[in-house]
Amino acid sequence: FGPSEEETSTEELSRLDIWEFTIRNPIADHPFFGIGLGEGQYFSTMMRYGFYAIHGKWPLHNPHNSYLEIAVMAGCIALLVFLWIVGLVLMKNVSFIRRNPDNELSMILVSMTSGIVGFLSCILVDMQMFNLSVVPVFWVILLLSFAITSSNPTDRKDPLMQKPN
């Protein structure tokens, strides 16, 4: 987002300008299945829509918003599926934590859930969802939390952690 002087300057493009152009052009014209994967594909599509002619600057290699990147490259259907999966896992986590407040797994789930929500907040203004050194950790934590909430904690007779005497 940057300082307010940059946002109001006519010489600088803000992320909001890029997001608006991306939504009004490639996403509006290809809402279901997107334009195809790849940063080169995004760049050439933005050029075809006249980004340089309108703004006098070269387009970026992605929209710098992971949600828009999913929508523009794979389509709004893919974005909705992603949000649906993440939403279900988060709801399941919160439900498990509320049902089992004294269980050791709830404490682990609180940290996993807050990490997932933090990551989802960060990708609103960045493209970390497509960073190969970051995104596998997100999916592992998401799937581990799903595995924990799918287990039945009442079946376990011994606690995971021993309480001090």
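How many salt bridges does a search of the whole structure find? The search finds 1 salt bridge, the term denoting a side-chain nitrogen of Lys or Arg within 4 Å of a carboxyl oxygen of Asp or Glu. The structure is a predicted model, in which local features need pLDDT of at least 70 and side-chain atom pairs count only at pLDDT 80 or more, while totals for chains, interfaces and linings use all residues. Residues are numbered from 1 along each chain as its sequence is written, and side-chain values use heavy atoms, with hydrogens and water left out.

The salt bridge joins E20 to R24, with the closest N and O atoms 3.0 Å apart. Side chains of opposite charge can pair when their charged atoms come close. Both E20 and R24 belong to helix α2 and are 4 residues apart, about one turn of the helix; helices (H or I, at least four residues) are DSSP runs, numbered from the N terminus. Accessibility was classified by relative accessible area, with buried meaning under 20%, exposed over 50% and partly exposed in between (1.4 Å probe, protein chains only). On this scale E20 is partly exposed at 38%, whereas R24 is exposed at 60%.

Helix α2 comprises 15 residues (15-29) and reaches 20 Å from its first C-alpha to its last, close to the 21 Å expected at 1.5 Å a residue; the expected span is 1.5 Å times one less than the number of residues. A bend of about 35° occurs in α2 at I23, and the proline P26 follows within four residues. The bend at a residue is the angle between axes fitted to the seven residues ending there and the seven starting there. The buried residues of α2 are I18, W19, F21, T22, N25, P26 and I27. These buried residues pack against α3 (39-48), α4 (51-55), α5 (66-74) and α6 (76-99), where contact means heavy atoms within 4.5 Å.

Helix α5 is largely enclosed by the rest of the structure, because 8 of its 9 residues are buried. The buried set consists of S66, Y67, L68, E69, I70, A71, V72 and M73, and its packing partners are α2, α3, α6 and α7 (104-122). At the start of α5, a side-chain oxygen of N65 comes to within 2.9 Å of the backbone nitrogen of Y67. In the loop between α4 and α5 lies H64, which has a positive phi of about 55° although it is not a glycine. H64 is buried, with a relative accessibility of 12%. Just after α5, G75 adopts a positive phi of about 105°.

In helix α7, the end C-alpha atoms are 28 Å apart, in agreement with the 27 Å that its 19 residues should span at 1.5 Å a residue. Buried residues of α7 are E104, L105, S106, L109, M112, T113, I116, F119 and L120; they pack against α5, α6 and α8 (135-150). At the start of α7, a side-chain oxygen of N103 lies within 2.7 Å of the backbone nitrogen of L105.

Cysteine pairing was also examined. A search of the whole structure finds 0 disulfides, a disulfide being a pair of cysteine sulfur atoms within 2.5 Å. C76 is partly exposed, with a relative accessible area of 27%, and C122 is likewise partly exposed, at 48%.

Definitions and conventions: Helices (H or I, at least four residues) and strands (E, at least two) are DSSP runs, numbered from the N terminus. A polar contact is a pair of N or O atoms within 3.5 Å; within protein, one must be able to donate a hydrogen and the other to accept it, and residues adjacent in sequence count only if both atoms are side-chain atoms.
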